[in-house]
Amino acid sequence: VIKCKAAVAWEAGKPLSIEEVEVAPPKAHEVRIKIVATAVCHTDAYTLSGADPEGCFPVILGHEGAGIVESVGEGVTKVKKGDTVIPLYIPQCGECKFCKNPKTNLCQKIRITQGKGVMPDGTSRFTCKGKQIYHFMGTSTFSEYTVVADISVAKIDAAAPLDKVCLLGCGISTGYGAAVNTAKVEPGSTCAVFGLGGVGLAVIMGCKVAGASRIIGIDINKDKYAKAKEFGATECISPQDSKKPIQEVLVEMTDGGVDYSFECIGNVGVMRAALEACHKGWGVSVIVGVAAAGQEISTRPFQLVTGRTWKGTAFGGWKSVDNVPKLVTEYMSKKIKVDEFVTHTLPFDKINEAFELMHSGK
């Protein structure tokens, strides 16, 4: 058993608490990882807020991490002690019908136990003050050591800087893949990206890599425009600058609508606007943002009858074990940006400040 520091969420709506926790050794087909760096994501904040129906407390949150394998359980063959790895919230077992189908990346092998906050055998590897602590998204990266299923880990280039590539565990991969895998953006096309946070910037980067000629960034926070343009946005607009609905503004700006639109916020009203901003006959709108539980989307069916397509994406459509190492290689060879997404680097015990910075749009 390893004793280490972790940021524990004892209950919904309260700040995280830095505690000493005990991390049990890995059982069969499990891997214990020393987490070197972790990022914070709106998904962590969503669960912490209490709005997540799958949220269970007390829990160790975090799902954008990178580290070094400390030990492996029986039967683990893909990684060994000392390997550099990224934990994966969408695993890849290679055996289920989802893994065998090239159309999806949604491995279901451990989905049920992962959703309940436990390891595949139904138990937790974390205890604190005599209490069992739940796992989160199969990763729990807000701990100096964590235990994950062996199908939930990608071995990456040992030379990669972990304080940067941890972001490939969720946000950057999700946005980039939404453009190149899910939408399959084509050269010369026109794109609109709603929400210019980390995921939105990654979508812009993907659209640019795919050869889009016009990339319109949309956000009410104008402080984000300069960064969006660095990533490849050709122009940025705010929905608050016009009396007309944003979809009408975009349709006028683009002679009938955009070829591809992306919703990177998780707001069902914006999802509708993103679809309706698409061009009749061929426009494709991709939902990337995660809406709160129980919310529903709506539009007039005629929008779809007249040739628009509404899609969604999880983790950018990447089959995780296969593709995360390749994304790290693309970063190392400067094909994709990662460093530019990092605005602040804080010591672990200032994790609550990191959430405050995220919420304030900084």
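Tutor: Happy to! Contact here means heavy atoms within 4.5 Å. This is a predicted model, in which local features need pLDDT of at least 70 and side-chain atom pairs count only at pLDDT 80 or more, while totals for chains, interfaces and linings use all residues. Residues are numbered from 1 along each chain as its sequence is written, and side-chain values use heavy atoms, with hydrogens and water left out.

Let's start at Pro 25, in the loop between strand S2 (17–23) and strand S3 (30–39); helices (H or I, at least four residues) and strands (E, at least two) are DSSP runs, numbered from the N terminus. Setting aside neighbours within four places in sequence, Pro 25 contacts Val 1, Arg 32 and Arg 125. Pro 25 is partly exposed, because its relative accessibility is 40% (buried is under 20%, exposed over 50%, partly exposed in between, with a 1.4 Å probe and protein chains only).

Now to the interior. A nonpolar core is a set of buried Ala, Val, Leu, Ile, Met, Phe, Trp, Tyr and Cys residues joined through side-chain atoms within 4.5 Å. The largest one has 81 residues, and Leu 16, Ile 86 and Val 165 are among those with the most contacts inside it. This core lies between domain 1 (2–169 + 319–352) and domain 2 (174–314), because both give residues to it; the bounds come from an automatic or database assignment. Beyond four places in sequence, Val 165 touches Ala 66, Ile 86, Ile 156, Ala 160, Val 328, Tyr 331 and Val 338. A separate core of 14 residues includes Ile 216, Ile 218, Val 249 and Ala 277.

Aromatic rings come next: Phe, Tyr and Trp (its six-membered ring) pair if their centres lie within 6.5 Å, with planes under 30 degrees apart stacked, over 60 edge-to-face and the rest tilted. That gives four aromatic pairs. Phe 142 and Phe 355 are edge-to-face, because their planes stand at 80°, with centres 6.0 Å apart. This pair joins the loop between strands S8 (131–133) and S9 (145–149) to helix H12 (residues 351–359), 213 residues apart. Phe 142 is buried at 0% relative accessible area, and Phe 355 is buried at 5%. Tyr 176 and Trp 318 are stacked, because their planes meet at 25°, with centres 6.0 Å apart. Both Tyr 176 and Trp 318 are buried.
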